[in-house]
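These are my notebook entries on what I looked up in this structure. I set them down by topic.

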Amino acid sequence: MKIAVVTGASGGIGAAIATALVEAGWVVWLVARDAARLEALARKLGPQARSLPLDLTDADSPALLADALRAQPLPLGLLVNAAGAQHFGLFADQPSAQLDAMLALNLAAPIKLIRALWASFCPDAMVVNVGSVFGSIGFPGYAGYCASKGGLRVFTEALARESGGTGPRLVHLAPRAVNTPLNSPRVQALNAALHTQVDEPEVVAAALMALLRRKRVREAVIGWPEKLFFRLNQLLPGAVDSAIAKQLPLIRKFAQGDYS
């Protein structure tokens with residue numbers, strides 16, 4: 001029996017992943033800021049789940065989690081970095097504090113947590129960084145979010161190459177739009193206007209569980225045509241530019257709060 005640590009466990013994706021892991025026999029440590037929601041989820045999942053309220057943007061939180069793991073006998077087999085924040089709006093209108101908070105949670109926090117836990121991972125451990133297709137496809141209205149998720153994607157790739165298989169296996173999981181409380185009314189309205197396919201959190205959880213069984217995969221993108229755009233943006237970014245340019249007036253309209 002091994003421990004899986006899931007950050008952002010009080011949110012839609014994190015809670016769905018934690019549920020799937022418990023059902024698969026893992027002992028799951030639930031990490032997030034909202035203590036009440038974590039406790040409720042832990043009670044729902046039963047004795048294999050443990051609630052550990054932490055704000056991962058606090059400087060001391062990674063070390064506190066590492067110390068707690070070292071104080072118990074079970075091996076650390078999995079870290080799922082699912083905590084995240086999102087802002088949809090024009091970059092020029094985004095407050096600096098909001099941008100700082102998003103970069104801290106989406107990018108800096110998982111990097112620092114992986115470093116703090118590195119020595120605690122068992123030999124066949126795995127780290128899954130939950131990113132976004134917007135980490136590879138720069139999309140209007142999400143400039144700061146794209147930067148944070150793009151940084152997480154490249155960090156995962158770089159660290160996997162640097163470790164050369166001597167540490168945990170590092171995997172980047174990129175969902176498309178997901179139905180979670182992170183989506184503001186503006187995001188929901190834009191998704192409806194663009195006819196964007198929106199997955200439920202359980203779809204992401206199922207994709208993660210499949211990754212646990214696929215030993216040689218380093219990156220997975222969820223959804224079609226998002227998988228196509230992901231590859232096309234790498235090979236022919238101009239084609240993606242043209243496709244998004246057609247949507248730009250509508251995106252700007254919703255980013256400015258105009259739903260009419």
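Predicted model: local features only at pLDDT ≥ 70, side-chain atom pairs only at ≥ 80, totals over all residues.

**Entry: two packed helices**

I noted the crossing of helix 3 past helix 4 as right-handed. From helix 3, the residues that make the contact are Pro62, Ala63, Leu65, Ala66 and Leu69. From helix 4, they are Lys112, Leu113, Ala116 and Leu117. Sorted by class, this contact of helix 3 with helix 4 holds eight nonpolar residues, one charged residue and no polar residue.

**Entry: the cavity**

I next asked how many cavities of 30 Å³ or more a search of the whole structure finds. The search returned one. I recorded about 60 Å³ of space in the largest cavity.

I then listed the lining of the largest cavity: Thr7, Leu56, Asn81, Ala83, Leu105, Asn106, Ala109, Pro110, Val130 and Leu152. Which helix gives the largest share of this lining? It is helix 4 (residues 96–117), with four residues. By class, I counted seven nonpolar and three polar residues in the lining of the largest cavity, and no charged ones.

**Entry: the second largest pocket**

I turned to the second largest pocket, which holds about 210 Å³ of space. Its lining is made up of 13 residues. Those that lie nearest the centre of the pocket are Asp124, Ala125, Met126, Leu212 and Lys215.

I looked up which strands contribute. Strand 4 (76–81) and strand 5 (121–130) each give at least two residues to the lining of the second largest pocket. Strand 5 gives the most, with four residues. The classes in the lining of this pocket are seven nonpolar, four charged and two polar.

**Entry: valine 171**

I placed valine 171 in strand 6 (residues 169–174). Is valine 171 buried or exposed? I classed valine 171 as buried because its relative accessibility is 0%, and buried means under 20%. Leaving out neighbours within four places in sequence, I found valine 171 in contact with Met126, Val127, Val128, Asn129, Thr156, Leu211, Val217, Arg218 and Glu219. I also noted leucine 208, which is 37 residues from valine 171 in sequence. The C-alpha atoms of valine 171 and leucine 208 are 9.7 Å apart.

**Entry: leucine 30 and alanine 9**

Leucine 30 is in strand 2 (residues 27–32), whereas alanine 9 is in the loop between strand 1 (3–7) and helix 1 (12–23).

On the same terms, alanine 9 touches Gly14, Ala15, Leu30, Val31, Ala32, Leu38 and Leu41.

I took one C-alpha separation for each residue. Leucine 30 and serine 10, 20 residues apart along the chain, are separated by 7.8 Å. Alanine 9 and proline 53, 44 residues apart in sequence, lie 9.8 Å apart.

**Entry: two loop residues**

Histidine 195 lies in the loop between helix 6 (185–193) and helix 7 (201–213). I noted that its phi is near 60°, a positive value in a residue other than glycine. Histidine 195 is exposed because its relative accessible area is 72%, and exposed means over 50%.

Where does serine 132 lie? I found serine 132 in the loop between strand 5 and helix 5 (143–163). Serine 132 is buried, with a relative accessible area of 7%. Not counting residues up to four places away in sequence, serine 132 touches Tyr145, Lys149, His172, Leu173, Ala174 and Pro175. Phenylalanine 88 is 44 residues from serine 132 along the chain, and their C-alpha atoms are separated by 14 Å.

Key
Residues numbered from 1 in each chain as written. Heavy atoms only, no water. 1 Å grid on protein atoms, 1.4 Å probe; cavity = no way out; pocket = protein on both sides within 12 Å on 5 of 7 lines; lining within 4 Å. Points joined across faces, edges and corners; volume = space filled by probe spheres on them. Nonpolar A, V, L, I, M, F, W, Y, C, P; charged D, E, K, R; others polar. Left-handed = near helix turned anticlockwise from the far one by under 90°. Contact = heavy atoms within 4.5 Å. Buried < 20%, exposed > 50% of the residue type's maximum accessible area, 1.4 Å probe, protein only.
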